[in-house]
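Keep the 3D view open as you read.

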Amino acid sequence: QEMAWQRLSSNRLAANSLIATGTGSGKTECFLYPLLEHAARARKNGESGIKALVIYPMNALATDQARRFAEVIAQTPAFAGLRVGLYVGGQIGNSGSGMVMSVSGVITDRQTLRKAPPDILLTNYKMLDYLLIRPLDRVLWAKNKPETLRYIVVDELHTFDGAQGTDLALLLRRLRARLKTPKGHLLCAGTSATLGNASDTAPLRNYAKQIFQADFPAESVITENRLTVSEFLGNLTIEH
């Protein structure tokens with residue numbers, strides 16, 4: 001996580017990254033905090049519009065992680081005021097629900113999202129297609145300037161193979177063209193528990209390059225690196 005934060009934070013290395021670690025290793029936190037930190041700084045500078053886009057393969061995963069975004073924002077004073085939107089298919093809720101952030105939920109009401117686009121948008125690749133072509137939904141990007149969108153994260157990157165991978169790659173190219181994003185401006189990140197070979201990361205990096213249309217050097221791949229207690233703590237004093 002520390003390596004990922006150093007690489008992905010827009011005020012540090014600001015570099016494309018691939019997190020290829022096991023299930024339950026904390027991959028979500030690898031991108032969650034850099035995104036929130038950047039969005040908080042951008043809001044403080046008066047920037048509006050969608051600053052980060054997170055794409056999920058399944059609605060259930062998006063819904064689960066939306067709750068984690070809401071909880072972190074609610075518990076962190078520095079993130080107060082940040083708005084996260086969840087835009088996936090099959091969203092059915094009570095009238096008037098999902099219009100504001102809560103301690104365990106993000107904004108899901110589509111009218112609210114259209115009127116006031118969130119700082120971070122969670123969606124899937126099929127809905128992203130609608131967000132680019134459907135007149136009713138294109139207003140979500142109305143407040144975005146060419147450099148507003150800073151992050152694109154694809155969770156469970158390995159699920160986008162074959163035709164789905166092609167669809168996603170073309171969608172991201174269309175998104176760049178629609179927003180007139182400067183070349184090299186976007187910070188791209190992918191996570192996967194099954195992709196990646198620590199001894200040869202070239203296939204993974206080439207795959208990511210095709211999806212994101214961005215370069216991923218050898219150092220961009222973050223794998224598990226376990227330290228012993230003594231290695232991690234060094235000479236620190238331990239108080240029981």
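## Ground rules

Helices (H or I, at least four residues) and strands (E, at least two) are DSSP runs, numbered from the N terminus. A helix's expected span is 1.5 Å times one less than its number of residues.

This is a predicted model, where local features need pLDDT of at least 70 and side-chain atom pairs count only at pLDDT 80 or more, while totals for chains, interfaces and linings use all residues. Residues are numbered from 1 along each chain as its sequence is written, and side-chain values use heavy atoms, with hydrogens and water left out.

## Helix α3 and what covers it

Start with α3, residues 59-75: its 17 residues reach 25 Å from first C-alpha to last, close to the expected 24 Å. Buried here means under 20% relative accessible area (exposed is over 50%, partly exposed in between; 1.4 Å probe, protein chains only).

Over on helix α2 you'll find glutamate 29. Its side chain makes a polar contact with the side chain of arginine 68, at 2.5 Å. (That term takes a pair of N or O atoms within 3.5 Å; within protein, one must be able to donate a hydrogen and the other to accept it, and residues adjacent in sequence count only if both atoms are side-chain atoms.)

## Two cores

A nonpolar core is a set of buried Ala, Val, Leu, Ile, Met, Phe, Trp, Tyr and Cys residues joined through side-chain atoms within 4.5 Å. The largest one has 35 residues, and Ile55 and Phe212 touch the most other members. Elements giving it two or more residues are β1 (17-20), β2, α5 (125-133), β5 (151-154), α6 (162-179) and α7 (202-212). Apart from that sits another core, of 32 residues, with Ala62, Ala66, Phe79 and Ile222 among them.

## Rings

Aromatic rings of Phe, Tyr and Trp (its six-membered ring) pair if their centres lie within 6.5 Å; planes under 30 degrees apart are stacked, over 60 edge-to-face, and the rest tilted. There are 3 such pairs in the structure. One of them, tyrosine 125 with phenylalanine 160, is edge-to-face: 5.7 Å centre to centre, 85° between the planes. Tyrosine 125 belongs to helix α5 and phenylalanine 160 to the loop between β5 and α6, so the pair ties together parts 35 residues apart in sequence. Both tyrosine 125 and phenylalanine 160 are buried.
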